[in-house]
Amino acid sequence: LSAFHDLKGVDVLITCLEKEMVAARDDQLAADTASMDTDDTQLTKRKRKLVASRRVFLFSIINCLTVVFHQESTSSTISNGGAQLRKPELTFVITEVMNHVESYGGVLAAL
């Protein structure tokens with residue numbers, strides 16, 4: 001776990017997670033605007049259409065972050081998990097999942 005922290009693994013995971021969430025949102029927006037049969041209020045509330053591979057990838061990243069943050073909270077050494085949790089990228093991801101639970105699934109939201 002120390003090598004993971006030395007290599008800034010949490011930062012890498014958070015960056016990757018944010019990129020995937022933005023890509024999922026942008027894919028849906030592109031599909032919605034291509035159809036042009038909905039107004040702007042419906043575009044923001046539509047369910048995200050995620051392929052299984054993206055859903056599994058998101059689950060794996062969030063699960064890994066959960067394990068790392070849990071390990072940090074139980075370790076006797078001083079950790080920076082609180083600072084990591086307050087990063088704008090992670091706040092965006094959490095907000096995105098909670099606003100679209102029907103798309104990302106309850107398991108992902110529960111993590």
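Biologist: What makes a contact a salt bridge in this predicted model?

Modeller: A salt bridge is a side-chain nitrogen of Lys or Arg within 4 Å of a carboxyl oxygen of Asp or Glu. Glutamate 20 and arginine 54 have their closest N and O atoms 3.1 Å apart, and because the cut-off is 4 Å, the pair is called a salt bridge.

Biologist: How do you know that the pair of glutamate 20 and arginine 54 ties together separate parts of the sequence?

Modeller: Glutamate 20 belongs to helix α2 (residues 9–35) whereas arginine 54 belongs to helix α4, so the pair links parts that lie 34 residues apart in sequence.

Biologist: Why is arginine 54 called buried?

Modeller: The relative accessible area of arginine 54 is 16%, and since buried means under 20%, arginine 54 is therefore classed as buried.

Biologist: What makes aspartate 27 a salt-bridge partner of arginine 54, and which helices does that pair tie together?

Modeller: The side chains of aspartate 27 and arginine 54 meet at 3.0 Å, N to O, which is within the 4 Å that a salt bridge requires. Aspartate 27 lies in helix α2 and arginine 54 in helix α4, so parts 27 residues apart in sequence are tied together by this pair.

Biologist: Why is valine 107 called exposed, and where does valine 107 lie?

Modeller: Valine 107 has a relative accessible area of 57%, and because the cut-off for exposed is over 50%, valine 107 is called exposed. Valine 107 is placed in helix α8 (residues 106–110), and together with Phe59 and Leu111 it makes a nonpolar surface patch of about 250 Å².

Biologist: What makes up the lining of the largest pocket, by class?

Modeller: The lining has 13 nonpolar residues, one polar residue and no charged residues. The pocket holds about 240 Å³ of space, and the residues closest to its centre include Ile62, Leu90 and Leu111. Helix α6 gives the most to the lining, with five residues.

Definitions and conventions
Residues numbered from 1 in each chain as written. Predicted model: local features only at pLDDT ≥ 70, side-chain atom pairs only at ≥ 80, totals over all residues. Heavy atoms only, no water. Patch = residues over 30% accessible without salt bridge, like charges linked within 9 Å, V, L, I, M, F, W, Y side chains within 5 Å. Areas by Shrake-Rupley, 256 points an atom, 1.4 Å probe, with all protein chains shown as cover. Helix = DSSP H or I, 4+ residues; strand = E, 2+ residues; numbered from the N terminus. Buried < 20%, exposed > 50% of the residue type's maximum accessible area, 1.4 Å probe, protein only. 1 Å grid on protein atoms, 1.4 Å probe; cavity = no way out; pocket = protein on both sides within 12 Å on 5 of 7 lines; lining within 4 Å. Points joined across faces, edges and corners; volume = space filled by probe spheres on them. Nonpolar A, V, L, I, M, F, W, Y, C, P; charged D, E, K, R; others polar.
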